[in-house]
Amino acid sequence: MTDQLTYEGWSDPMVLWLCQNMRKSDAAEIYAQRPDENAFALYRDLAAIGRNHLWFELARPATSMSPVALFGVAGVSPGVAQAHMFGTDALTLGHARQIADRIKSHVIPALLDLGLHRVQAYSLADYAWAHRFLQRSGAKFEAPCWSLGASGQDFASFVWLRKDLAHLYETNIEETGT
């Protein structure tokens, strides 16, 4: 049985540790779009996003102080945001399901409430695990992004769009009264 996850905000030591210990498949995806494979530079760039993070959380099992993943959404322009997520080898399928369900039930409705009309995420075209995760979290496949990676890697674009999700959010408001 997978431990229940606890979610918390930014912690410099935990974010740096995650950058240094991310699983190989996530590293391949992230570093394909960066000029180097430097964990500290990735940490520094995540920290520099700062206020542009509309949502940021670390996920860790309630029984541990070691995080298994981080996920966030950063504003890129009025109404549009970019999602990112990566984990360690300790991230189980059960953990991933909990995070995806949290994104679908808490994160996206909160972002719609902020007035966003589009949240986007890019994933390596052949990274099936990430595609399933994104779809479980409510994103839909939008289009291929040819040669988005620095070495010509193809990516897939996934999106959460207000026009597709607003009715779900409104239904949730009616059901929960929040």
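How many aromatic pairs does the count come to? The count comes to 7 aromatic pairs, where rings of Phe, Tyr and Trp (its six-membered ring) pair if their centres lie within 6.5 Å. The model is predicted, so local features need pLDDT of at least 70, side-chain atom pairs count only at pLDDT 80 or more, and totals for chains, interfaces and linings use all residues. Residues are numbered from 1 along each chain as its sequence is written, and side-chain values use heavy atoms, without hydrogens and water.

**View A. Trp129 and Phe133 in helix α5 (residues 128-136).** The pair is stacked (planes under 30 degrees apart; over 60 is edge-to-face and the rest tilted), because the ring centres are 5.6 Å apart and the planes are at 5 degrees. The two residues are 4 residues apart, about one turn of the helix; helices are DSSP runs of H or I with at least four residues, strands runs of E with at least two, numbered from the N terminus. Phe133 is buried at 8% relative accessible area, whereas Trp129 is partly exposed at 22%. Buried means under 20%, exposed over 50% and partly exposed in between (1.4 Å probe, protein chains only).

**View B. Arg residues over ring faces.** Arg23 lies over Trp129, 3.9 Å from the ring centre, and Arg102 over Tyr7, at 4.2 Å. The rule asks for NZ of Lys or CZ of Arg within 6 Å of the ring centre and within 35 degrees of the ring normal.

**View C. A ring cluster.** Ring pairs link Trp10, Phe40, Tyr43 and Phe56.
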